[in-house]
Amino acid sequence: MNTDLILRQQLMQRVFARMNDRQREAVFCVDGPLLILAGAGSGKTTVLINRIANLVQFGRAYHSPEIADLTEAQRAELQACASGLQMPSPELLSLLAVDPCPAWRILAITFTNKAAGELKERLVARLGPEGNDVTAGTFHSFCARILRREGEYLGYSSHFTIYDTDDSRRLMKEILKSRGIDEKTLPVKTVLGEISRAKDSLMSPDDYAAAMSVDPRLRKVSDCYAIYQARLKEADAMDFDDLLCKTVELFTTHPEVLQRYQNRYDYLMVDEYQDTNHAQYRLVSLLAARSGNLCVVGDDDQSIYQFRGATIENILNFEDEFAGCKTIRLEQNYRSTGRILTAANHVIAQNKGRKGKTLWTANPEGEKIDIVTFDNGDEEARWIAGRILDKVAVGAHLRDFAVLYRANAQSASIETALVRSGIPYRIFGGHRFYDTQEVRDAMAYLRVLCNPTDAVALRRIINQPRRGIGDTTLERAAGLAEQQDIPLYEVLSHADEYADLQRASAKIKGFIAMMDALRDKLEQPDVLPHDVYREMLEVTGYQKMWELQGEAEAERVQNLQELESAIRKYEDESDEGAASLAGFLEEASLMTDVDNYDADADTVVLMTMHAAKGLEFPTVFLPGMEDGVFPSLQTMFEPDKMEEERRLCYVAITRARERLIITNAVSRLMYGQTNRNRPSRFLNDIPPAVKAETKKTTARPFMTEAFGGNRGGFDGGFGGYGHRSGGVRTSYDDSRMPDYESYSQETPPAAARSSWAATPATPPKPATPAAPCAWQVGDRVKHNAFGSGTVKAASPMGNDVLLTIAFDKIGEKKLMGKFARLEKES
DNA sequence: TTATGGCGATTTTTT
DNA sequence: ATCGCCATAA
């Protein structure tokens, strides 16, 4: 009997053999509250997957004294499996399990949709179709699902609309205007920020009003909050924050509903716990209150969203809040080289109030961290592009490179340099597809079809294209709606009955009739959402409106087509007959850019450091490492913000697997102004032993050595950059990239992924086929930025060719043949 | 009601 | 540098 228990433990150790001791401990610890402090790259996703797999396959078996009686044959099989000779059969598994948990009773909450998708994918790879039964989603998507089902308890319909920040802004603008509040004294974003903070901490408009001081400005905010909520309600709409706090409200006011969800889920897991806010904490506590099985994973050092309401206290106090909590630290990093990790550790060590954690790695030390200084941002950007081409020339993939910056505004110069070098890249953040005017308008049409009471959407499109229904008319109609407490759409439907609307009533009725007809179509069976979308573009004249603008707005027409593809894609991915327009709108409203990140596409990646959280790249560039850029100017004098900034730096550094290249510039053009910045203070914290500093700056004769040397503190204006003519030669080793295998557990090699016993084998890289080359050595070519030149060398690479071209004016450049827009010159 | 031009203010991060 | 607001003119 006792030996059976030991054998079972041995077998389980084998099944989860690919993990280290601490990780396995987390996997086997299934009962009660568990805090996993997972350092960057410590394989926390792997732990989550395995922990769920353990719950489903073995339940509480590892620490349980119970075991079924085994026959001799079964014991023989167990013995064989325990010594790694064979894999356990399903029969044996079910015999060994103690209280296994059906997948559908597990809830996993992640930070992004992409993370949730990945989790699902890997669970299916591990558990088969049953993996799909795990509820995995973001807080927002999970709450949205609950509210669609249960919203009626709170007076919302099942097809309520989700307002995004732009919708909220429009609505608030209207409110401020109607209340005669000058936007200069009380900006929209200030009001919305206050409201958002209130919602994060679960304060209703009444709570807020009650807690308010006599500050007249905050009194106004309080009024606006109340009106804002009322207007949302009238529009059958919720904003992002509502999704969370309305769910909490639902659970606290309707215990019987809460109980249903508590009973449904036996095990809860929350990823990125350091980025949760108070409302999210409450939600999780409520859901886990029955089972008590709450596992949160997070890293206090990677908390970078406090600025938008995340409270690090959630993680710092977890052990106090949840009695009997067990804490497990994952400190072995599988991602980065030793030097990169050393740098990260030293940077983060400067922060106070940490849980305390030092990452270590068994990975090779790796190359030193390059720190390169330039005269200006353009030089910096050009060098980065050149460096990428150099490495691609010796076998690197474009997708191996990421450029991570503090603010989106920094992307422009990098983009220019990449375009000039013909390097394909993808950029995340900044203007997104769903944020373009035309896509938002088209979406607004669809929203009005699904939910006519959505006043923000209605006002957005009613005169787009021009229908002669202007502001005056709309203001009157909105006034009437408010007076009678009915939806704007309702007033417009009966426009002819109001004296005030006589003049425009024919036009209004035409518009309403058109929308009603489209809505009828929507309800017909066998009509797919994209059919309705297409017809909408047609009959509303919206697409025509852009087409008439000609070539200049061609991209907008393209985006409208693209939206149709997105709808079709949604239809394809939905279950037969389950694709509804409302469903698409919901998915789209909770979609973010990073969700679309495709690690396989072979291009360089540009994104903010925030957006890069959770991702990793072989080579990472961190441009703009200057005080005032990173750390950003508005954080430099506030200690709390400075700490968050430092954590962001830690996150950025730990994205790199093999190489980290940090750059800065003596002077930089940003927001239309040229600034001279000192090198980032974070650089001081990186030990000299792991960094290789290089100056690529030109002489400034009027400066002497006396000005050189950077001591701490501000020296007003001119930072100390004294260099002799010619600068210092580059010193970095230009040989090939390190060739060791990367041990990343977050992305195991495909071959190793499903095999249960260790011996991961990396499949050999397929040879890259030679591509036909449009350019020959000796050709004369013309480039629209660099002018004329002669092709000096052409080496095939992937399905493209790397050209070295000697330009007449500016010397030699390396360009990718497919992407550089070259013309032949006779 | 719509189109245009000039002006001023605004630049962190985003589910 | 870019965006959004406002006033003015058509």
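Helices α9 and α12 run roughly parallel to each other in this predicted model, because their packing angle of about 25 degrees falls under the 35 degrees that counts as roughly parallel. The model is a prediction, so local features are only called where pLDDT is at least 70.

**The α9/α12 pair**
- Helix α9 covers residues 188-200 and helix α12 covers residues 240-253, and their axes sit 9 Å apart.
- If you look at the handedness, the crossing of α9 and α12 is left-handed.
- On the α9 side the contact uses Ser196, Lys199 and Asp200, and these meet Asp241, Asp242 and Cys245 of α12.
- Sorted by type, the residues of this contact come out as four charged, one polar and one nonpolar.

**Chain A overall**
- There are 30 helices and 21 strands in chain A.
- Chain A has 826 residues, and 54% of them count as buried.
- Looking at contacts in chain A with a separation of 6 or more, 74% come from residues 24 or more positions apart.

**Cysteines**
- The disulfide count for the model is zero.
- Take Cys101: its closest cysteine sulfur belongs to Cys295 and is 13 Å away, which is too far for a bond, since a disulfide needs the two sulfur atoms within 2.5 Å.
- Cys101 is also buried, with a relative accessible area of 3%.

- Gln302 sits in the loop that runs between β7 (294-298) and α15 (313-316).
- Setting aside neighbours within four places in sequence, the contacts of Gln302 include Ala38, Gly39 and Ala40, along with Gln274 and Asp275.
- Gln302 also contacts Lys613, Arg647, Tyr650, Val651 and Arg655.

**Ile686, another loop residue**
- You'll find Ile686 in the loop between β15 (673-676) and β16 (691-696).
- Ile686 is buried too, with a relative accessible area of 2%.
- His346 is 340 residues away from Ile686 in sequence, yet the two are 6.1 Å apart in space, C-alpha to C-alpha.
- Leaving out neighbours within four places in sequence, Ile686 is in contact with Ala343, Val347, Ile662 and Lys691.

Key. Residues numbered from 1 in each chain as written. Chains lettered and ligands numbered in written order. Predicted model: local features only at pLDDT ≥ 70, side-chain atom pairs only at ≥ 80, totals over all residues. Heavy atoms only, no water. Helix = DSSP H or I, 4+ residues; strand = E, 2+ residues; numbered from the N terminus. Contact = heavy atoms within 4.5 Å. Buried < 20%, exposed > 50% of the residue type's maximum accessible area, 1.4 Å probe, protein only. Axes fitted to C-alpha atoms, helices over the stretch in contact; angles between N-to-C directions. Parallel < 35°, antiparallel > 145°, perpendicular 65-115°, else oblique. Left-handed = near helix turned anticlockwise from the far one by under 90°. Nonpolar A, V, L, I, M, F, W, Y, C, P; charged D, E, K, R; others polar.
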